Amino acid sequence: MTMQTNLSGNEGAPGAAESTAAPLVRIERGTCWMLFAHDIGMSIDLNEAERRITDDKHRETIRRKRPAPQYFEYDPPPLRVTQVVEQFPLGEWQTAASVDLMIFDFGTVSVSYSIPLSGSISGLQGLANTLYDNELLAADARRRVEQLLEAIRPAVNRPCVSEIVEDYAIYQIESCQPPIGTRQAVADFGQLLAQILRAESEPLSEDEVKDALACRISYGRGDLLIVDWNATILFDSESEDVRSVLEFANVEMLEMRFLDNRLDGALDESYETLTRRTWSDATRWGTRARDLRRVAQLQVDSAVLFEGVNNAIKLLGDQYLARVYRAVSQRLHLNEWDASIIRKLQTLESIYEKMTDWQANRRMEVLEWIIIILIAISILLPFVPGLPGY
């Protein structure tokens, strides 16, 4: 399948020096998407949320541009809400007059700002620096998430906007003049592209440039995807499916951080509960049961959230998007986060087992003492004068 893009499919050899070539290449059409992911609750009833939202809304589907099985889709489809907003100035750039909020059933909202791109490709370096830790957009995104939560609060299980935020930038260049080949872009503009990806104003070392540009993927001869931990650069005219995968990966990263932080708190709480046991606690059955229920609830909540995030989208049917997901997962270290969370879930399970064993042992000790006391009473009763039958 040939991509419909203005990029030349010719794989040009390294051309003029980057400092000379970059100002000569101009972006005719492109868009930057700035994403902010927030956790707002344990889960969301999307049908109830859709009923309560008055803004323009629709259920999101992945728009395929390559052959893929029909079952390749979100499950369940998230709810996309579009709001009209004021345009925010970002140096020589500004955001579009609308913002999208994507609501996922596992309790996450992704806020997406679009920024039209045009002009010299070297200008993206200044935009990247402006977007990095941009307090204006971050504050507006949080305010919109809080307003959304108030509107759909009855549809949210345990509503609360987390302090943890995960942001990500996607730079899509649809066409440029003069057209450049995909390999030529890396050869001639590698330093510039690396600085855009890393939001660095100073030149990077050769090793850093090599690392920043290491994850590159192409489907056709005229498209190129460069994935890094802070941003992605995409040379392509049609990229909605790729952007959906990148947005979901950013959401997954947020939930992994959120879940890891929650598990740290659960482990601390469980360990404290386990170590403060005393003999007198053995008779406080209500306290024991509450402690066990609390630890069990932490286990279940964490496991449900972990499975909900990992099963929200299936990429087995589309090999190209699966490669995109593997690339961004590698850059965001999602596999390492998964391993850390699984290990902590197993540790929490171990603590729960120790607590139940401790409670069972204490109950057995109490029962043994009761039996000893009853035996002692039965032995002493014949020697007590005046008791009937003795």
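Select α3 (124–131) and β10 (165–177): each supplies at least two residues of the lining of the largest cavity. Helices (H or I, at least four residues) and strands (E, at least two) are DSSP runs, numbered from the N terminus. The model is predicted, so local features need pLDDT of at least 70 and side-chain atom pairs count only at pLDDT 80 or more, while totals for chains, interfaces and linings use all residues. Residues are numbered from 1 along each chain as its sequence is written, and side-chain values use heavy atoms, with hydrogens and water left out.

Stay with the cavity. On a 1 Å grid over the protein atoms alone, a cavity is a set of points where a 1.4 Å probe fits but cannot get out, and its lining residues have an atom within 4 Å of a point. β10 gives four residues, the largest share of this lining. The volume of the largest cavity is about 80 Å³, a volume being the space filled by probe spheres set on grid points joined across faces, edges and corners. Two cavities of 30 Å³ or more are present in the structure.

Next, select Trp33, Arg80, Asp100, Ser112 and Arg243. Of the 16 residues lining the largest pocket, these lie nearest its centre. A pocket is an open set of points with protein on both sides within 12 Å along at least five of seven lines. Colour β1 (26–39), β7 (98–104), β8 (108–120) and α7 (240–275), the elements that give two or more residues to the pocket lining. The largest share, four residues, comes from α7. The volume of this pocket is about 270 Å³.

Now go to the surface and select Met364, Leu367, Trp369, Ile370, Ile372, Ile373, Leu374, Ile377, Leu381 and Val384. Together they form a nonpolar patch with about 920 Å² of accessible area. Accessible areas come from the Shrake-Rupley method with a 1.4 Å probe; for residues, only the protein chains shown count as cover. Val384 sits in the segment after α10 (334–380). Is Val384 buried or partly exposed? Val384 counts as partly exposed because its relative accessibility is 35%; buried means under 20% relative accessible area, exposed over 50%, partly exposed in between (1.4 Å probe, protein chains only).

Finally, show the whole protein chain. Its secondary structure comes to ten helices and 13 strands. Of its 390 residues, 51% are buried.

Conventions:
Patch = residues over 30% accessible without salt bridge, like charges linked within 9 Å, V, L, I, M, F, W, Y side chains within 5 Å. Salt bridge = Lys/Arg side-chain N within 4 Å of Asp/Glu carboxyl O.
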